[in-house]
Amino acid sequence: MKIGKKHSNLGHANQPDVVKKGSSLLIIAALLCTGIFAQENDSSTTLTGITIRSFEQNKKQYSSAAVIKIINAFIADRANKISLVSGMNTIAGLRMEERSPGSYRLNIRGSSLRSPFGVRNIKVYWNGIPVTDPGGNTYFNQFALNNFSTMEVFKGPAGSLYGAGTGGLILMNVLDKREPGMAVEGLVGSYGTFALFGDAEWGKKENPTHISYAHNHSDGYRVQSEMRRDNFSWTSHARITDNDQVTVSFLFTDMYYQTPGALTVTELNANPKAARPAGGGFPSAVAAQAAINQKNILAGFTNEIAIHGSLKNSTTLYGAFAQVRNPAIRNYERRNEPHFGGRSTFSLENKKNNAQWKWVAGAEFQQGYFNTQVAKNKNGNPDTIQTNDDIHYADYSLFAQGDFSWKEKWFAIAGLSFNNTRVAFSRLNVYPVLNQERRYSAAWEPRFSLMRKTNSGFSVIASVAKGFSPPTIAELLPSTGMISTFLDAEQGWNYELTLRQFLFRNKLQIELTGFSFRLNHALVQRRDLSGADYFINAGDIRQKGIEWEAGYMMNPRTPSIINNLIIRAAGAFNHFRYGNFIKTTDDFSGKTVPSVPGNSLSFLADLSFVNGIFLNLTWYSASKIFLNDANTASASAYHLLGCRLGWKNKIAGKYRFTMYAGADNLLNEHYSLGNDINAAGGRYFNAAPLRNYYIGIAFKFLSSQL
């Protein structure tokens with residue numbers, strides 16, 4: 001099909017996936033010209049110098065049998081500072097989508113079948129505080145770029161220490177990189193893009209405090225796709241005594257974003273910028289004033305205390321509240337979602353000769369008291385009440401883990417958790433009140449991993465883990481309004497093998513991972529003609545894949561025009577197929593799972609010169625994506641290229657001035673990002689922005705106080 005002056009197959013019936021030869025040559029050229037490109041980065045960072053917290057390791061990233069990927073602020077900041085999509089997609093096996101500005105979808109080594117919108121089945125923590133609510137939903141869009149300094153990503157079931165879930169784990173931390181001082185940054189760009197950031201950090205090394213503010217705005221590429229977000233965070237760490245320390249964190253976000261709705265291929269060809277038109281007795285997205293008004297508050301503290309010798313305890317308590325107002329094409333939804341919880345872990349370490357042990361045991365508990373009201377939407381305002389539901393959702397997990405290492409050559413982790421979930425609905429708009437309850441039987445989730453390292457820089461890691469994931473509230477109460485307590489929990493076993501090699505004094509890293517995950521009772525999304533989503537259990541999904549990553553860092557020790565060079569490439573091959581999946585008269589057994597590209601490739605290069613000039617290059621490519629279970633509709637492959645050029649100047653070693661200009665989608669690709677899967681009437685497509693530009697300026701004062 002043709003859109004404007006560019007030929008592109010945004011959507012079509014099932015066709016062979018043809019890779020663009022010119023784009024492939026560009027990737028090869030970029031990989032060969034590694035001495036030309038790269039980003040401003042902290043030259044003190046090395047490939048092996050990062051400390052991880054996941055699975056209570058608190059050790060260097062590559063001295064752990066847990067395979068953890070790190071996204072720091074430099075990697076996350078790959079585009080116009082409003083969206084995290086570009087940075088997140090540099091990690092093989094991780095895919096973030098954005099149907100319109102602010103409307104995130106995120107999956108880790110899986111599909112988006114459970115996430116028509118939002119982030120589900122992934123456990124997220126911020127400064128040790130659970131961000132994922134007890135109902136399984138994560139408002140990931142509440143975070144701005146300056147809310148974290150590092151993000152740890154674990155792929156696959158993490159239930160051995162983090163409760164129920166099959167989709168992975170994300171730990172976000174603010175105080176990992178200390179830069180006492182103040183910073184202000186502003187950016188303007190295409191489609192009405194505007195961003196403003198302010199940060200301040202002060203205090204001594206043992207008592208730092210960090211505050212941040214962010215304002216993001218975009219008019220959007222499409223009609224009815226404006227976005228605004230205001231975000232404030234405060235994190236303070238205090239060492240009370242030599243054996244007792246406390247970290248207090250607070251996060252508030254107020255955001256609004258419009259939802260233009262998905263288009264058919266005909267509508268997309270006619271005008272990719274259009275919002276969903278009226279049809280089928282439903283108003284257009286513009287007439288319905290379709291949008292999300294969202295407010296989030298998260299507050300909590302973590303107390304770490306050394307009890308006796310190497311016996312320690314870490315306890316986190318938190319409270320959170322989310323308020324959502326969602327005028328949509330078919331109704332007007334209002335949600336109030338207060339929840340609270342806590343997590344406590346005890347750890348004991350022992351070291352003798354060449355052996356080291358660490359034991360961890362603890363519990364996590366969350367309780368939510370939610371209310372969801374759905375009314376008729378009358379020109380963007382609530383009208384007659386259709387449903388009014390109180391929802392009580394509680395879950396808890398008990399866990400234990402052993403960590404063992406021998407001569408810094410053998411490393412092993414063995415963990416086990418016990419999980420239980422209870423959900424209860426009370427439909428208040430009918431009399432007598434309708435009550436429904438479902439308890440998801442407790443499940444034991446083991447995880448075991450073993451790593452062998454050699455003196456030559458080679459290591460091999462093998463792991464096996466079981467995942468268990470009950471339906472989230474959004475799946476039990478979808479937008480159809482039908483309470484779906486008949487849904488079963490997902491569960492399955494994941495097997496994984498990773499090979500890793502460091503070369504040239506750890507400057508070059510090569511990693512290859514193969515995995516096989518069989519997921520039973522997989523939750524699959526459907527959409528009716530009005531666009532409302534609902535869910536069913538498929539028989540099973542067989543997820544097999546290969547992921548690879550290569551990274552190189554150069555920090556010249558002798559005088560050179562180059563100050564720092566980092567290049568990374570990562571790719572994934574996914575073979576995700578339905579096993580036994582028959583729905584009424586339709587047999588989808590053996591079909592490719594929709595929403596997952598069979599192949600993806602990312603490349604980033606970041607270079608800084610001694611004169612302060614820096615250059616960032618980002619490339620992302622995804623192959624054809626099927627859009628329905630029958631595999632009769634798909635979106636074509638697309639290739640995205642972004643670039644940023646800037647200059648940084650230091651004044652008296654403290655003041656720092658930065659200016660930059662950049663462009664995204666330099667190839668002007670016509671593509672859909674965040675497709676609606678299994679949509680009725682063929683409404684699959686959410687067109688993404690074409691080539692766009694931005695410029696920014698930043699001023700930072702670095703304090704001499706440590």
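Is phenylalanine 250 buried, partly exposed or exposed? Phenylalanine 250 is partly exposed, at 27% relative accessibility; buried means under 20% relative accessible area, exposed over 50%, and partly exposed in between (1.4 Å probe, protein chains only).

This is a predicted model, in which local features need pLDDT of at least 70 and side-chain atom pairs count only at pLDDT 80 or more, while totals for chains, interfaces and linings use all residues. Residues are numbered from 1 along each chain as its sequence is written, and side-chain values use heavy atoms, with hydrogens and water left out.

Select next the largest nonpolar core, of 47 residues. Such a core is a set of buried Ala, Val, Leu, Ile, Met, Phe, Trp, Tyr and Cys residues joined through side-chain atoms within 4.5 Å. Leu84, Met88, Phe140, Met151, Ile170 and Met172 touch the most other members. A second, separate core of 27 residues includes Leu263 and Phe517.

Turn now to the aromatic rings. The whole structure holds 21 aromatic pairs; rings of Phe, Tyr and Trp (its six-membered ring) pair if their centres lie within 6.5 Å, and planes under 30 degrees apart count as stacked, over 60 as edge-to-face and the rest as tilted. Phenylalanine 232 and phenylalanine 250 form a tilted pair, 6.4 Å centre to centre with 55° between the planes. Phenylalanine 232 is also partly exposed, at 33% relative accessible area. Select then Phe55, Tyr125, Phe154 and Tyr162, a cluster linked by ring pairs.

Finish at arginine 109, which lies over the face of phenylalanine 515, 4.2 Å from the ring centre.

Conventions: A charge sits over a ring if NZ of Lys or CZ of Arg is within 6 Å of the ring centre and within 35 degrees of the ring normal.
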